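Welcome to this guided tour! Keep your viewer open, and select each stop as we come to it.

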Amino acid sequence: MINVVDTPNPDTKKFVFDQTIVKIGSKEFKKSDQSNIDLVNDLFLIKELELVYLDKNFISIKKNKDSSWDDIVQDILEALNKRISENFNALSFEEESEFTDDISKRIEEVLNDKIRPAVAMDGGDIRLKSFKDGVAEVMLKGACAGCPSSTVTLKHGVERMIKHYVPEVTSVEALNINE
């Protein structure tokens, strides 16, 4: 069974499964990306879709602003049901931290332990891209990419939490806040 859940981003819905879709990691695909995953390719056959984000037991799907969910949800559900059955082989996406400095490792720890679980509940993800001169640059994924409330969440939630646990951080900036 697939549960369709609204997210804070009106252009993104979260499709929640009662089974594991991704056993390791997570991954975001844009329509322009090349994918060797049939599920993703099938979804992008629906011309109104712009982004597909795969995580543990959900898939967040972003449509273009000019289309209506009423017109495409059934097509999405058909594509998902075609590819994801009881014997679906869960996907794996290797994730390795490229950070070696202490501050970046501490930022990643706060993101992983305190922030990412809450963001995932809304169908999104957040990843550290860099830390330099007090500024932590993050990448928003899934439902968070282009969400109207992401700026508020970033400054009042994420930044406040990271600065509390990692005082060396003076600011948190998103690289893709206006996608």
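Let us begin with Lys27, which is partly exposed at a relative accessible area of 35%. Here, buried means under 20% relative accessible area, exposed means over 50%, and partly exposed is in between, using a 1.4 Å probe and protein chains only.

Before we move on, a word about what you are looking at. This is a predicted model, in which local features need pLDDT of at least 70 and side-chain atom pairs count only at pLDDT 80 or more, while totals for chains, interfaces and linings use all residues. Residues are numbered from 1 along each chain as its sequence is written, and side-chain values use heavy atoms, with hydrogens and water left out.

**Stop 1: Lys27**

Keep Lys27 selected and colour strand 4, residues 27-30, where Lys27 lies. Helices (H or I, at least four residues) and strands (E, at least two) are DSSP runs, numbered from the N terminus. Now show Val52, Tyr53, Leu54 and Phe93: Lys27 touches them, not counting residues up to four places away in sequence. Contact means heavy atoms within 4.5 Å. Next, draw a distance from the C-alpha of Lys27 to the C-alpha of Ala143: these residues are 116 apart in sequence and 13 Å apart in space.

**Stop 2**

Select Ser60, which is in strand 6, residues 58-63. Is Ser60 buried or exposed? Ser60 has a relative accessible area of 0%, so it is buried. Leaving aside neighbours within four places in sequence, its contacts include Thr12, Lys13, Leu51 and Gly142.

Which backbone oxygen lies 2.5 Å from a polar atom of the Ser60 side chain? That oxygen belongs to Gly123.

Move on to Gly123 itself, in the loop between helix 3 and strand 8 (124-132). Gly123 is also buried, with a relative accessible area of 0%. Around Gly123, show Lys14, Tyr53, Phe58, Ser60, Gly142 and Ala143, which it touches when residues up to four places away in sequence are not counted. For another distance, pick the C-alpha atoms of Gly123 and Ile61: they are 8.8 Å apart in space, and the residues are 62 apart in sequence.

**Stop 3: Asn9**

Now select Asn9, in the loop between strand 1 (2-6) and strand 2 (12-17). With a relative accessible area of 1%, Asn9 is buried. Show Ala143, Ala145, Gly146, Cys147 and Pro148 to see what Asn9 touches, not counting residues up to four places away in sequence.

**Stop 4: helix 3 against helix 4**

Two packed helices are described by the angle between their axes and the distance between the axes. Colour helix 3 (residues 102-121) and helix 4 (residues 150-165), which pack at an angle of about 125° with their axes 10 Å apart. Axes are lines fitted to C-alpha atoms, for helices over the stretch in contact, and angles run from 0 to 180 degrees between N-to-C directions. Helix 3 and helix 4 are therefore oblique to each other. Angles under 35 degrees count as roughly parallel, over 145 as roughly antiparallel, 65 to 115 as roughly perpendicular, and the rest as oblique.

Which residues meet here? From helix 3, show Arg106, Ile107, Val110, Leu111, Lys114 and Ile115; from helix 4, show Val158, Met161, Ile162 and Tyr165. By class, this contact of helix 3 with helix 4 has eight nonpolar, no polar and two charged residues. Ala, Val, Leu, Ile, Met, Phe, Trp, Tyr, Cys and Pro count as nonpolar, Asp, Glu, Lys and Arg as charged, and the others, Gly among them, as polar.

Stay with Ile107 in helix 3. Ile107 counts as buried, at 0% relative accessibility. Apart from neighbours within four places in sequence, Ile107 is in contact with Leu128, Phe131, Ala136, Ile162, Val166 and Val169.

**Stop 5**

Select Asp71 in helix 2, residues 69-83. Asp71 counts as exposed, at 57% relative accessibility.

Finally, select Asp133, in the loop between strand 8 and strand 9 (135-142). At 70% relative accessibility, Asp133 counts as exposed. Most residues other than glycine have a negative phi. Phi of Asp133, however, is near 50°, a positive value in a residue other than glycine.

Definitions and conventions
A polar contact is a pair of N or O atoms within 3.5 Å; within protein, one must be able to donate a hydrogen and the other to accept it, and residues adjacent in sequence count only if both atoms are side-chain atoms.
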